[in-house]
Amino acid sequence: MDNESRIYVLGQAHIPIRNLWLLLLYASDFYTYGTERSQGFEENPELLADLLASILCHSVEERLIRPLTPAFMLRKQDLRRVRGRIDVLRTTTHQLLTRGQVACRFEALTVDTPRNRLVRAGLMHLAALVTDRKLGHRCRSQARKLADLGVARVDSRSALEGVTSQFARNDAKDRSIVSAAKLALQLVLPRDNEAGGVGRAAISEQEFRRLFERAIGGFYKVAGGRSGWKTTTGRYISWHKESETPGIQSLLPKMQTDIILENGAIRRRLIIDTKFTSSLEIRRHGGESFKSSHLYQVYTYVRTQESPDDPLSLSSEGMLLYPSVGTSVLESFTSGGHKFTLATIDLGASALEIREQLLSFLER
């Protein structure tokens with residue numbers, strides 16, 4: 001894969017595919033729960049597919065030393081004796097009793113589980129993405145071994161939808177493997193018509209908007225956590241009301257923040273709202289300005305939370321964060337004791353520069 005391949009996003013702008021993979025890494029559970037394995041690839045996201053392939057292949061090789069862990073799965077089968085529950089409708093409509101059979105629904109132990117299907121799908125997907133041919137052959141080989149054991153082949157969407165993100169105490173060790181396989185199936189490549197390549201030439205605005213928000217939140221959960229910051233995402237905040245009328249509660253709009261960062265040691269709270277649009281707009285009579293609706297929104301998030309019972313709320317900060325390519329904006333002002341910042345993240349920069357930009361916002 002060409003490390004400088006680009007994908008269409010952000011209007012007319014194109015960002016390097018390696019930076020799209022970087023955002024996918026930050027947004028993934030794999031980054032949150034498997035950071036010890038992702039060290040080094042944060043600075044070289046173009047090697048992400050090789051990293052995931054190595055992890056999945058090694059995991060399968062370890063699991064094949066001993067029998068794969070089975071799980072109870074619901075099965076439907078026509079039997080000559082009752083097992084589990086009888087499917088009365090199928091038994092009747094197909095006149096199974098005349099043939100001495102009965103339709104049953106029952107749970108049985110099998111290795112054809114959603115998690116194993118996910119791992120197999122991830123291996124097959126990565127085989128076409130890795131830069132090392134031997135590693136690609138290794139992916140296909142391990143996928144075939146899973147198939148020989150009875151693990152069914154499913155498409156990427158079915159594999160992602162079929163697996164649960166909940167882990168019991170006895171299978172918590174599978175979290176990193178499952179999250180690695182999930183991330184593998186989410187990697188996107190530009191389409192190469194001549195070579196019949198993998199993936200798409202662009203991602204939709206809605207997909208990128210959600211990815212950008214999740215990536216920023218995921219990055220701060222890990223990188224900010226190392227320096228004492230607590231990160232929450234998607235938190236609903238309430239209006240501080242006095243002398244309210246009976247019907248106001250049901251009519252007030254809900255306020256949901258994208259990201260809230262708190263550091264009690266340095267007594268700082270930062271409310272970040274991510275946007276998928278240009279940070280500037282053209283004034284009616286010429287010139288540029290920041291978008292007023294965005295400023296009003298983050299201003300409301302900050303000022304409505306002021307309370308003497310919550311000291312951090314009296315000095316909390318607000319930030320509007322936009323993606324960009326090749327441009328940089330970093331402006332701020334103070335109002336009512338609160339600092340407001342408007343900034344962009346240049347997705348055309350190197351992975352290390354993107355990381356440094358994000359970390360710089362945690363510094364005063």
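**Exercise 1.** Which residues of the largest nonpolar core touch the most other members?

*Solution.* The model is predicted. Step one: take the core as a set, which holds 72 residues. Step two: pick out the members that touch the most others, namely Leu52, Leu123, Leu126, Leu187, Tyr220, Leu321 and Leu358. Step three: keep this set apart from a second, separate core of eleven residues, which includes Val298, Tyr301, Leu320 and Phe340. As a general point, nonpolar side chains in soluble globular proteins tend to be buried together.

**Exercise 2.** List what Leu126 touches, leaving out residues up to four places away in sequence.

*Solution.* With those neighbours set aside, the contacts of Leu126 are Ala49, Leu52, Ala53, Leu56, Cys139, Ala184 and Leu187. Leu52 and Leu187 in this list also belong to the residues named in Exercise 1.

**Exercise 3.** Work out the layout of the sheet that contains S3, S4 and S5.

*Solution.* Begin with the order: the three strands run S3-S5-S4 in an open sheet, with antiparallel pairing. Next, find the edges: S3 (71-79) and S4 (85-86) each pair on one side only. Then examine the pairing of S3 with S5 (residues 102-110), where nine bridges join the two antiparallel strands. Finally, locate one partner: Leu79 is bridged to Val102 in S5.

**Exercise 4.** Is Thr334 buried or exposed?

*Solution.* First place the residue: Thr334 lies in strand S14 (residues 330-335). Its relative accessible area is 61%. Exposed means over 50%, so Thr334 is exposed. For its position relative to Gly318, the sequence separation is 16 residues and the C-alpha to C-alpha distance is 10.0 Å.

Technical notes. Residues numbered from 1 in each chain as written. Predicted model: local features only at pLDDT ≥ 70, side-chain atom pairs only at ≥ 80, totals over all residues. Heavy atoms only, no water. Helix = DSSP H or I, 4+ residues; strand = E, 2+ residues; numbered from the N terminus. Buried < 20%, exposed > 50% of the residue type's maximum accessible area, 1.4 Å probe, protein only. Pairing = 2+ DSSP bridges. Core = buried A, V, L, I, M, F, W, Y, C linked by side-chain atoms within 4.5 Å. Contact = heavy atoms within 4.5 Å.
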